[in-house]
Every structure is written in C-alpha cells, then in structure tokens.
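Please read them with the structure open.

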Amino acid sequence: MPQAEPRPRDRLQTGALIVIAGAVILFLLVEARFLLTSLAVAIIVFSLTSDAINYISRMRIGPLRVPNWLASIAAVVLISTGLFMLSSLVLSQINTVLSTTLTYTERAPGAVADLFAWMGPEVETAIQNAMGSVNVSGYLRTVAGQAGGLMQGTVLVILFVGFLFAERLWFDVKLTSLMGGDAERAARAQRIIGTIMHRVNYYLLVKTVVSAVTGLMAYGVSVLFGLDLAVAIGVLTFVLNYIPNVGSIVATVLATLVTYVQLGEPAATIGYFFALFAIQFVNGNVIDPWLMGKTLRLSTFGIIVSLAFWGAVWGIAGMFLSVPIMVAVMIVCSHVPGLRPVAVLLSREGLPEEEPLSLDRAAGRTPATGGR
C-alpha cells in the first residue's frame, strides 16, 4: 500500500520529537528547580491541611459557623508560623554543626587515618595527606550558602500556599471546565487527585512520626555518649530520615564519624554505631512498614531510581520529594490504560491500585471500550 513506506520515517520523526521534548522538559526542571521545588512543597503542605480546613469551616459555635475565609486565614497563619519555626530550628542546628566542625577540622584527618592504621603506615600516611588536602572551609561555605536559601524557599512556599487557599473554592468548577464540562471525567480526575493526596498525606504522617521517634532516640544515645552535637545529630537524623533508604545510612555514618572525631576511642565509636544501627533498623524495617501497610505499594527499585533521578535534577530537595512524586506518577498511570504498564513496573507487587477499575465501573464504562 502507498501509505506503508513513510511509516518508518514518521516513527523516526516522532521519536526525535519525543527526545527533544524530554530534553527541553529536563532543562526547564533543572533551571527552575528552586521555583518548582517550592511549588511542590506548597502543594504538599496545602494537601495536608485542606481537609482540616474543610472540617473547621463546617464547625458550628452555637448558632454561628466558622466562615471559610476565616478558616483559610487561620490556616495560612499557622502554616507560616510552623514553617518559620522549623526553618529557624534547622538553620540554627546547621550553624552549630558548621561552627563545631571548624574546631574538629584539625583533628579530623588524623582521626580518619587512624581507622585505616591496620592497613599499614604507608596507607595511613596517604589517607592523612589526602584528608589534609580537602578544602573543608570551601565545602562549609557551599553548605552555608545552600542553607541560606532555605529561608527564601520558606517565604516562597508560604506565598504559594496562600494563593492555593485563596483559589480552593473554585477548584471543582475549574476542574469541570478543564474536562470540557464532562461531570463524569471531572469526578474521575477528582477521585485520582484525592487518592494521591490520601496516600501522600498518610506517607508523610507515618514518616514524620517514625523520623521524630528515630531522631529522639538518636539524641538520647548521643547524650549518653557525651557528644557535643547531640541536638544537631537528633535534628539531622529526623530530617535525613525523610530521604528513603539512603537518608538513614547517611545519618548513621555522619553521626559515627562525628563520634570518632570527638571521642577518638574505637570501642566507644563501635558501640555508638551499633546503637544507631539498631535504632534505624527497627524503626525503618519493622515499625515503618507495619504502620505504612500497603498504602504506598511502591517498588523498592523504583524508589531508588526516583531518588537518583530527582536528586540529580533538584538536588537534596528532589530527594525529599522523590517518593511523593513517584506516588503521584504511579496513581495517574494506573488510571490511564496506555500507561498502565508503567504503573505496574513502579508498584511493589504489580498492583498499583486495589480497585483499578472502580472508577470506570462507577462511570458505567470499561477501559477496554472507552464507551459510556
């Protein structure tokens, strides 16, 4: 047939356009990462508090009802206060770590080199020389510069949250208009958004509880060992535990290095390491999965890939946001027939949704036909 010849060329053009579009999107993600990460955090904060605001706006105090605008203003004020307090706490602990690290800088090369003394004096000397050549002050200035942007990001997140609360009354109307006035499609999209919000909110709630308990336990162990940075280690453990899989390892290794540099005793350092390892293992592999249940249904390998990708694109902020983004992608793909295989690959057991066809049945149609 005459139309059979240009098909390879059309496929090649389509593939080239997809590659170009992907490169452009990746470029925009990298260049606008500060704005996009702030927007992503604002959406998560908004989703965490929107249900509570709806509940407050339905409350009655005698014959009076709390107006929606008053509940929204109260929410923005409380969110702003909480974010500023959290940012100030993190910044203060970062400053404490940086100032204390400068006092340990001279002792760090010798302490780290002692760890490799069993390999011979030549190896120990080489490692000490290598550690001495590291520009610690330059790295500290870089970290301080990145930490300084935390307060700017907090202000931007608060502005985004305020605008989201101002627009929340018209979300349903806008969603219906985006779907061309089709109420069934709007209800389907609203159900998908609700599922994403529910899973992300539950994940963050469980992660916050587990991270807080882990941070408090790490702080307690650090106090028992007499560490100068006990509070900073507790806060660092709490924050890094939001990074899946890798965060707990980094927190444990950093805390152990700080312990060895300060104490200089291998036996005490090994005891401290095993104490932190036991805390991280029990909380991360027993309590966390028990509380999480089957809420996420995410593949462990998929989480690692998402963590690596978003970490490369958005840095540390991308690592924190990798799981919520992966949850959203998996749920959206599970409700799009053409993208269903992607959702199956991202899911842990090949079951991204408990009832993947429930929305279509409720609408009186099946994905196979697409009819009414």
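1. Contact here means heavy atoms within 4.5 Å. By that rule, Ile233, Leu236, Thr237 and Leu240 in α9 meet Gly247, Ser248, Val250, Ala251, Leu254 and Ala255 in α10. By class, this contact of α9 with α10 has seven nonpolar, three polar and no charged residues. Keep in mind that the model is predicted.

2. Next, the geometry of that pair. Two packed helices are described by the angle between their axes and the distance between the axes. For α9 and α10, the axes come within 8 Å and cross at roughly 160 degrees. Angles over 145 degrees count as roughly antiparallel. The helices α9 and α10 are therefore roughly antiparallel to each other. Their crossing is right-handed.

3. Now the loop that joins them. Asparagine 241 sits between α9 (230–240) and α10 (246–263). Is asparagine 241 buried or exposed? Its relative accessible area is 9%. Buried means under 20%, so asparagine 241 counts as buried.

4. What does asparagine 241 touch? Setting aside neighbours within four places in sequence, asparagine 241 is in contact with Lys207, Ser211, Thr214, Ser248 and Gln280. A polar atom of the asparagine 241 side chain lies 2.6 Å from the backbone oxygen of threonine 237.

5. A second residue to check is valine 221. Valine 221 belongs to helix α8 (residues 183–224). With a relative accessible area of 12%, valine 221 is buried. Leaving out neighbours within four places in sequence, valine 221 has contacts with Tyr272, Ala275 and Ile279. Between the C-alpha atoms of valine 221 and isoleucine 233 the separation is 10.0 Å, and these residues are twelve apart along the chain.

6. The crossing of α8 with α13 is right-handed.

7. Which residues make the contact of α8 with α13? From α8 come Ile192, Thr195, Ile196, Arg199, Val200 and Tyr203. From α13 come Val323, Pro324, Val327, Ala328, Met330, Ile331 and Val332. By class, the residues of this contact divide into eleven nonpolar, one polar and one charged.

How values were computed. Residues are numbered from 1 along each chain as its sequence is written. This is a predicted model: local features need pLDDT of at least 70, side-chain atom pairs count only at pLDDT 80 or more; totals for chains, interfaces and linings use all residues. Side-chain values use heavy atoms; hydrogens and water are left out. Helices (H or I, at least four residues) and strands (E, at least two) are DSSP runs, numbered from the N terminus. Buried means under 20% relative accessible area, exposed over 50%, partly exposed in between (1.4 Å probe, protein chains only). A polar contact is a pair of N or O atoms within 3.5 Å; within protein, one must be able to donate a hydrogen and the other to accept it, and residues adjacent in sequence count only if both atoms are side-chain atoms. Axes are lines fitted to C-alpha atoms, for helices over the stretch in contact, and angles run from 0 to 180 degrees between N-to-C directions. Angles under 35 degrees count as roughly parallel, over 145 as roughly antiparallel, 65 to 115 as roughly perpendicular and the rest as oblique. A crossing is left-handed if the near helix is turned anticlockwise from the far one by less than a right angle, and right-handed if clockwise. Ala, Val, Leu, Ile, Met, Phe, Trp, Tyr, Cys and Pro count as nonpolar, Asp, Glu, Lys and Arg as charged, and the others, Gly among them, as polar.
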